[in-house]
Amino acid sequence: MAAGNGVLQTMIQVSKFLGKSKGFDKVLSKLTVVSASQGKVTCELKVEEEHLNTRNTLHGGLTATIIDNVSTMAIMSAEKPPGVSLDMNISYLRAASPGDILTIKADCSKAGKTLAFTSVDIFNKKDGKLVAQGRHTKFL
């Protein structure tokens, strides 16, 4: 994978592929890749009606899906295969409401021969407050 702009273009293509999925990943169709470099990916998502739970806030399952997929993109940007999940931990810190724009920052802190370790922070763009944090370990 090429450095710099090439990584960004590849991650944009991965995001588009996920959004066009006929399966569950199509919930990410409105996720936008903002930046990408080796081992790091930043995305944005505007919270809309389709992303909400019955309390009219961001659905926890969607938060988990975002963490799963954006952390995998960070691994791929580090020139590793997407692998399979071994462990994922999520802390839900505050609600996000319709119209909020989320900034999602994923970092692949280590990618070895068989394991990759990532962390993801999801912020509300308007106030910079942390909405959720996740850690994801994958077998490569």
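## Leucine 115

Leucine 115 counts as partly exposed because its relative accessibility is 30%, where partly exposed lies between buried (under 20% relative accessible area) and exposed (over 50%), with a 1.4 Å probe and protein chains only. This is a predicted model: local features need pLDDT of at least 70, side-chain atom pairs count only at pLDDT 80 or more, and totals for chains, interfaces and linings use all residues. Residues are numbered from 1 along each chain as its sequence is written, and side-chain values use heavy atoms, without hydrogens and water.

Leucine 115 sits in strand S5. Strands (E, at least two residues) and helices (H or I, at least four) are DSSP runs numbered from the N terminus. Beyond neighbours within four places in sequence, leucine 115 touches Leu86, Lys110, Lys138, Phe139 and Leu140; contact means heavy atoms within 4.5 Å. Lysine 138 lies 23 residues away along the chain, yet the two C-alpha atoms are 5.6 Å apart.

## Aspartate 100

Aspartate 100 occupies the loop between strand S3 (84-92) and S4. Its relative accessible area is 7%, so aspartate 100 is buried. Its side chain reaches the backbone nitrogen of serine 97 at 2.8 Å.

Outside four places in sequence, aspartate 100 contacts Leu45, Lys46, Val47, Asn124 and Lys126.

## Nonpolar core

The largest nonpolar core holds 35 residues. Such a core is a set of buried Ala, Val, Leu, Ile, Met, Phe, Trp, Tyr and Cys residues joined through side-chain atoms within 4.5 Å. Met11, Val41, Ile104 and Ile122 have the most contacts inside this core. Elements giving two or more residues include helix H1 (5-19), helix H2 (60-77) and strand S5 (115-124). H2 supplies the largest share, 8 residues.

Conventions: A polar contact is a pair of N or O atoms within 3.5 Å; within protein, one must be able to donate a hydrogen and the other to accept it, and residues adjacent in sequence count only if both atoms are side-chain atoms.
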